[in-house]
Amino acid sequence: MTNKINYNKRQFLQHSAVGALALGAFPKMLFAKTGHLQNKATPGFKPDVEIEFTSRDAYVSILRGGAKTKVQKYDARLIKGPQNTLVELKGNYLGPILNYAQGQKVRIYYKNNMSEPSIIHWHGLHVPQDSDGHPMYTLEPGQSYVYEFVVMNNAGTSFYHSHSHNLTAEQVYKGLAGLITVTDEEEQKLDLPRGEYDLPFVIQDRSFNSRNQLQYLQGMHGRMTGFLGDTILVNGLPNVEFSVKSRAYRFRAVNGSNSRIYKLGWDDGTPMTAIGTDAHLLEKPETRPYLMLAPGERIDLWLDFSGRAVGSELVMYSLPYAGAMPPKMEQQRLGKKSSAGMGMGGGMGMGMMGGGLGQGDKFPIASFKVMEKVSDSPALPKKLTSFRRLTEADVDNKNQPIPIGISMKPMRPQLNGKSFSMNRVMDFERVELGSIRKIKIFHDHGSMKMEQGQKMDKGMKMQGGGMGMMGGGMGGGMMMSMAHPIHLHGQQFQVLSREIEGMRQEEYKTVSKGFIDSGWKDTVLVMPGEEIVIAKPFEDYKGLFLYHCHNLEHEDLGMMRQFYIT
Ligand code: C2O
Ligand code: CU
Ligand code: CU
């Protein structure tokens, strides 16, 4: 372990030494100034699809019986385009599903009708800076914004959500999110489940008070680990049961939770098959005993009920796993009295984490009941698509990867030793347009400092795997080592390698079979002790593109930086 961390640290320091000198402001024109927002449609841009979006406060029935829940909600109206472009989820806080086709020109008018600032980001879509929902474009109440972009993505699943800095976590929590699908000609030729057999599967966790109102974290309490709710919602509803036919379905699983990581698996041990990750189809389906799904990630699931008897029921679970939380919290969680296996409503000793369901506990997500026998199921395709598999030979910075060093100072999770700053980049965050960059994402405990500014000594670090140190256990470094889903805006990337080192390898074995690294990704879960090397193309658009932890509490605490593509 120490070798690796020393190496990382040295490299990190080299980078930051250069970066610190090169810190500078951007050309002014990159920035949206208040009152000068891009609020006019471009005359030369002839949209195929035109949509009017609003965000507002609303009341919807989430829990059966009793009061409606106050939420924040996106509404949309189709002005121009194919009828299936917008699909409303009835009585839901989630925004409508957006169905795009590759090549479409899209214009969106967004008006913020809430009493607080907000902006929409299209997570997974490769769009220009000024249509990406960078927090610099945050709208005040009553303001509007015009997005214009061409759908460059291939077929896949993405999602949209609010991205107003410091408000993202709470606004997504209150409902500001929705699903995006993209199709392309190649996908249309495949015999994949369509129409009523191609369904959304947006997984979120929430907590409700006795008046059916959403409960979020109070103050700073719990932010360092992230919000964990005790009620699991699928497509905006609890206890969801899908009535299915005895055939194959495509379920577009999106983890829209603030910080909960799911380990998707069946109660009867049937393996899980994926046909796509994040915004892209895989070359060929991948079948695993379970699939990990971290906040921000998507997996297109191929769920085949062929051969299942009418009346049979399958339950999809989040299966138990370990290692995502800091060691001390993991010990508390695993030591708590488990309530009859299911973990639902346990509620013991988890006050600090904001709910009765710990990160890694087992619980049901949704059930599937076979209602009808049919024989029209498509067969699982052997090949789905083809794309260039990136290797070390494709990157132009093989020996000097761009670092994304994860660190946890007290109440301050950071990337590359810095918090988000709207108008700053470090030297190594400047990237030339058209390049393919090697990026190394790692845990940077080496640069951890104590609150008083002293370095932790080795002895303390080694105890990090142990228990009961530092009173509150919020001292930083290894003690706070936890899983972070790292998301990069703009184009998708590929995972080149994954290595695990350190003391938490036994825990890692409970999740290691659930990562699919053979496709395109825009979000990757980095477990404690893990180092992940990716290759990311920076093509088509210049400007500022964010990278951040998609644990939304971390993001809002400043665990976000940006690349400046020039
Ligand atoms: Cu889904 Cu910048 O995030
Ligand atoms: Cu994004
Ligand atoms: Cu994080």
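Predicted model: local features only at pLDDT ≥ 70, side-chain atom pairs only at ≥ 80, totals over all residues.

The notes start with an open sheet built from four strands, then move on to Asn212 and Asn239, which both have a positive phi.

**The open sheet**
- Going across the sheet, the strands come in the order S2-S1-S5-S7, and their pairing is mixed.
- The edges belong to strand S2 (69-80) and strand S7 (144-150); each has a single partner strand, so one of its sides has no neighbour in the sheet.
- On average, neighbouring strands here are turned by 25 degrees against each other, if you ignore direction.

**Where S1 meets S5**
- Strand S1 (residues 49-60) and strand S5 (residues 105-112) run parallel, and seven bridges join them.
- For a spot to look at, find Glu52: across from it, in S5, is Tyr109.

**Two asparagines with positive phi**
- As background, most residues other than glycine have a negative phi.
- Asn212 isn't a glycine, yet its phi is positive, at about 65 degrees.
- You'll find Asn212 in the loop that links strand S10 (198-206) to strand S11 (231-234).
- Asn212 counts as buried because its relative accessibility is 10%, and the cut-off for buried is under 20%.
- Asn239 also has a positive phi, near 45 degrees.
- Its place is the loop between strand S12 (237-238) and strand S13 (240-245).
- With a relative accessible area of 67%, Asn239 is exposed, as the cut-off for that is over 50%.

Terms used
Residues numbered from 1 in each chain as written. Chains lettered and ligands numbered in written order. Heavy atoms only, no water. Buried < 20%, exposed > 50% of the residue type's maximum accessible area, 1.4 Å probe, protein only. Pairing = 2+ DSSP bridges. Axes fitted to C-alpha atoms, helices over the stretch in contact; angles between N-to-C directions.
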